[in-house]
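Please look through the sequence and the structure shown below.

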Amino acid sequence: MLFFFFLPIAYPLIYSWIYNNEVVRDVPVVLVDDSHSAMSREFSMRLDASPDVNIAYRSGSIDEGRLHIGRGEAYGIVYIPADFDRKCGRMEQAHISLYCDMSYMLTYKAIFSAATAVAMDMGADIQRQRLGGKTDRDDAIATQPLTFDEVPIFNTTGGYGNFILPGVLVLIIQQAMLLGVGMISGTERERAFANYRRDKGRSRMRQAVTVLCGKSSAYLLIFSVMLAWITLVVPRFFGFVSLVHGMDLLLFFIPYLLACVFFAITLSELVRYRESVMLVVVFSSVPLLFLSGVSWPQSAMPGFWQGVSTLFPSTFGIRGFIRMSSMGALLPDVARECQALWMQMVCYACTALLVVWRRVGYADSVN
């Protein structure tokens, strides 16, 4: 009941509520200014005026700033070296150092983006002063000869929720199924698979097929409702981008749910104790999210890990759902992922049948 119902219903709400703000603002940082010059004060004022960063503390050294980060009072240190003003005056390359708490990628992104924007803006001002253009047009051409507009195509808000939540929501289905089926398998193993007692009127294989069809049908019906809640209701409830088409989404998730069901039954053979499934599934959640290619580009993965990722239904389920939800892709656009899910479904159906056939034989020998 906990893994089949509470987890798929509650977890998407919790994750979506946490990341509903999309971006972080006024991230507290520590400023260490060894320059004590007009140029460094201008940099700090511009940085503090940005919407992403708030200079909450000013320290005399980096070690003192680390104490604020250790106490959770700040998430980064902005260090301005003593030669900052001198190098700028000599037209040399000056540096600003950032030390960020990498435990939170959102805060790191905010600090880095704000510092980069301020540095580029001040660099353009210095360049205009040195060139001494006669008109504003001359200054604009000298500092930015080619103008461009940066337009995010699919993640229009530039937020973390629209970026990562679709992948997390699909992964929750697979992990919840692994937890629930693994827990049931551990309980059955402790009871010597009494529910698999041999029916003398049927062959061993026929009974295995019957048991597998019964279990998979029950799991499929339960998680069909959970999947509709996760992919259709939750994104709209929190205002995330959702460009899915109902029939295409249904046809895509049929092989995904079937592949997850048979995959969970197959892996349940490895569960010796009910408690062990918690450790395995919770440990594998973050690696599976990385392997799907949603938080790290698939093209940048080594070939070995790309091969490992093809073993899990979540890999193709996440890739296909993100394209359908964020980009408005239709079923032909995710045909490759859909074909891979059908192939996984067939392969894991065979292995799941083998697992159930083995359990029927074990229960027959014990009883």
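## Selected residues, cores and a pocket

S50 has a relative accessible area of 13%, so it counts as buried. The model described here is a predicted one. S50 sits in the loop between α2 and β2 (53-59). A polar atom of the S50 side chain lies 2.6 Å from the backbone oxygen of L47. Apart from neighbours within four places in sequence, S50 is in contact with D26 and A114.

D26, one of these two partners of S50, belongs to the loop between α1 and β1 (27-33). Its relative accessibility is 44%, and D26 therefore counts as partly exposed. The backbone of D26 has a positive phi of about 50 degrees, although D26 is not a glycine. Most residues other than glycine have a negative phi. H36 also has a positive phi, near 55 degrees, and is a residue other than glycine. H36 is placed in the loop between β1 and α2 (38-49). With 59% relative accessibility, H36 counts as exposed.

M39 is found in helix α2. Is M39 buried or exposed? At 19% relative accessibility, M39 counts as buried, because the cut-off for buried is under 20%. Leaving aside neighbours within four places in sequence, M39 is in contact with F84, D85, C88, M122 and I126. M39 and M343 are 304 residues apart in sequence, and their C-alpha atoms are 62 Å apart in space.

D83 lies in the loop between β3 (76-80) and α4 (84-89). Its relative accessibility is 21%, so D83 counts as partly exposed. D83 and F263 are 180 residues apart along the chain, and 60 Å separates their C-alpha atoms.

### T231 and L249

T231 is part of helix α8 (residues 204-237), while L249 is part of helix α9. T231 has 2% relative accessibility and so counts as buried. L249 has 4% relative accessibility and so counts as buried.

Which backbone oxygen lies 2.7 Å from a polar atom of the T231 side chain? It is the backbone oxygen of L227. Not counting residues up to four places away in sequence, T231 touches S242, L249, F253 and F321. With neighbours within four places in sequence left aside, L249 is in contact with T231, L232, V244, F321 and M324.

| Residue | Relative accessibility | Class |
|---|---|---|
| T231 | 2% | buried |
| L249 | 4% | buried |
| S50 | 13% | buried |
| M39 | 19% | buried |
| D83 | 21% | partly exposed |
| D26 | 44% | partly exposed |
| H36 | 59% | exposed |

### Nonpolar cores

In soluble globular proteins, nonpolar side chains tend to be buried together. How many residues does the largest nonpolar core have? This core has 67 residues, and those with the most contacts inside it are I173, M177, F223, F252, F253, F262 and I265. Two or more residues of this core come from each of α1, α7, α8, α9 (246-267), α10, α12 (313-326) and α13 (335-366). A second, separate core has 20 residues, including V78, A114, M122 and I126.

Some of these core residues have been named already. A114, in the second core, is a contact of S50. M122 and I126, also in the second core, are contacts of M39.

### The largest pocket

The largest pocket holds about 1400 Å³ of space. Its lining consists of 45 residues, and Y15, Y19, Y160, I164 and V168 lie nearest the centre of the pocket. At least two lining residues are supplied by each of α1 (2-18), α5 (105-131), α7 (160-190) and α10 (274-291). Which helix gives the largest share of the lining? Helix α7 does, with ten residues. Sorted by class, the lining has 30 nonpolar, eleven polar and four charged residues.

Definitions and conventions
Residues are numbered from 1 along each chain as its sequence is written. This is a predicted model: local features need pLDDT of at least 70, side-chain atom pairs count only at pLDDT 80 or more; totals for chains, interfaces and linings use all residues. Side-chain values use heavy atoms; hydrogens and water are left out. On a 1 Å grid over the protein atoms alone, a cavity is a set of points where a 1.4 Å probe fits but cannot get out, and a pocket is an open set with protein on both sides within 12 Å along at least five of seven lines; lining residues have an atom within 4 Å of a point. Grid points are joined across faces, edges and corners, and a volume is the space filled by probe spheres set on the points. Helices (H or I, at least four residues) and strands (E, at least two) are DSSP runs, numbered from the N terminus. Ala, Val, Leu, Ile, Met, Phe, Trp, Tyr, Cys and Pro count as nonpolar, Asp, Glu, Lys and Arg as charged, and the others, Gly among them, as polar. Buried means under 20% relative accessible area, exposed over 50%, partly exposed in between (1.4 Å probe, protein chains only). A polar contact is a pair of N or O atoms within 3.5 Å; within protein, one must be able to donate a hydrogen and the other to accept it, and residues adjacent in sequence count only if both atoms are side-chain atoms. Contact means heavy atoms within 4.5 Å. A nonpolar core is a set of buried Ala, Val, Leu, Ile, Met, Phe, Trp, Tyr and Cys residues joined through side-chain atoms within 4.5 Å.
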